[in-house]
Amino acid sequence: MLELEHRFRVVDVHVQLPTDEYGSTGTHTNNPETVEREMQQAGVVRAVTFPEPRPDEGSYLTANNAVARHSVERPFLAFARLAGPRDPGAGASSRLRNLTASRKEYHAAPEDVEQYAYDDRFHGFVVDPLHDGLPDEAVVDALGEVGLPVLVRAGTAFPPSAVERTLLGRGFPVVLAHFGGYPLDEAAIDRTIELLDRHDDVYVDTSFVRFREPMERALLEHPDRVLFGSGAPAVHPNVGVMELLTLDVSEDKMRRAFSKNAVRVVDGLAPEAMD
C-alpha cells in the first residue's frame, strides 16, 4: 500500500500488537515489524500497543511483558492488559454470578496494577470485559489511585451504560474504544457521545467506527475528547487515517484528533517523550 502524504502529526491509541505468546497471531500473519512498517506508511509516529486476547484462561503477565519488550526501540507505548472475575452483563444472571465471583490467580490484583504503574515500560491499561471479564472493585480502586489512562474495549454486550456504571468517575481517564459501538452499533455510538456531555474523564477512539456522521458530531461538540485509533493490525492504519482526513471538520479539529488530544491523556505520546 502506498504511503500516505499529509501534514499532520499522527499518534494512534489503539493497536493490538501480535506476539508469539499464544503460538498464533491470528489470520493477519502480522508481527511487530509488520505493524511498525504499516504505521510508517500511514504517517503514524507513535502508537499505544497492547496484547491480543488470550485463547484460554491464563495470566496476561507474559503477554504484557512481551508487548513491552517488542516496544523497545520502536515507536510503541505498551499498555498492560488486565483480566477480572466479574461478568460484565447487567442482567439478573450476571448480577447473581458476581455475588460469588472471586479473583483467580490469573486475574489482576491491586498489587499488579501498582507494579505495572511504577514500571516505566507501561503507560496505561486495557480493560476488555467481553474477552477478559471485568476487574473487581479493589482493582478499579487501585486504577484510580495510580491514575493512568485505561483503554476500555466496549461493545454490544458491554455498552456505554455499563461503562458509566462500573468505570467512570473513578479517578482515571477512560478511553472508550470504537466510540463504544462495536460492531457498527450506531445507537450505542450515539449514547457514547452523550456520555461526553455528562463526564469529563471519558474520551473516545475512532477505531472501527466507519460512520462519518458520529465522528463529525463528536469533533464538533467535543473537539478535545476524540482520539485517533486505527484498530491495527486488523485494519491497515492507512484506512483509519484516511477516514479522519475525509471528515468535514476544520484542520484544527483534525489536528486535535490526530495527536493533541491523545498527548493530554497519554504523556508518552508527546513529541518530547520520544527524545
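Colleague: In which sense do strand β2 and β3 pair, and over how many bridges?

Modeller: Strand β2 (residues 44–51) and β3 pair in the parallel sense over three bridges. The model is predicted, so local features need pLDDT of at least 70 and side-chain atom pairs count only at pLDDT 80 or more, while totals for chains, interfaces and linings use all residues. Residues are numbered from 1 along each chain as its sequence is written, and side-chain values use heavy atoms, with hydrogens and water left out.

Colleague: Why is that called pairing?

Modeller: Two strands pair if DSSP finds at least two bridges between them. β2 and β3 have three bridges, and therefore they qualify. In β3, Phe 76 is the bridge partner of Ala 47.

Colleague: What makes β3 a mostly covered strand?

Modeller: Buried means under 20% relative accessible area, exposed over 50%, and partly exposed in between (1.4 Å probe, protein chains only). Seven of the seven residues of β3 (residues 76–82) are buried. Phe 76, Ala 78, Ala 80 and Leu 82 point one way, Leu 77, Phe 79 and Arg 81 the other. In a regular strand the side chains alternate between the two faces of the sheet.

Colleague: Why is the β2, α2 and β3 unit called right-handed?

Modeller: A crossover is right-handed if, with the strands pointing away from the viewer, the path from the first strand over the helix to the second runs clockwise. The β-α-β unit of β2, helix α2 (residues 61–71) and β3 is right-handed.

Colleague: What makes the buried residues of α4 line one face?

Modeller: Pro 110, Val 113, Tyr 116 and Ala 117 are buried in helix α4 (residues 110–117). Seen down the axis of α4, they fall within an arc of 125°, so they line one face of the helix. The arc is taken over the directions from the helix axis to the C-beta atoms. Glu 111 and Gln 115 are exposed on the face turned away from the buried side. The buried residues of α4 pack against α2, β3, β4 and α6 (137–146).

Colleague: Which residues have the most contacts inside the largest nonpolar core?

Modeller: Phe 125 and Phe 179 do, in a core of 60 residues. A nonpolar core is a set of buried Ala, Val, Leu, Ile, Met, Phe, Trp, Tyr and Cys residues joined through side-chain atoms within 4.5 Å. The largest share of this core, five residues, comes from α6.

Colleague: Why are β1 and β8 called edges of the sheet?

Modeller: The open sheet has eight strands in the order β1-β2-β3-β4-β5-β6-β7-β8, with parallel pairing. β1 (10–17) and β8 (226–227) each have a single partner strand, so one side of each is left without a neighbour in the sheet.

Colleague: Why does Gly 147 count as partly exposed?

Modeller: Gly 147 has 30% relative accessibility, which puts this residue in the partly exposed class. Gly 147 sits in the loop between α6 and β5. Leaving out residues up to four places away in sequence, Gly 147 touches Gly 171, Phe 172 and Pro 173, where contact means heavy atoms within 4.5 Å.

Definitions and conventions
Helix = DSSP H or I, 4+ residues; strand = E, 2+ residues; numbered from the N terminus.
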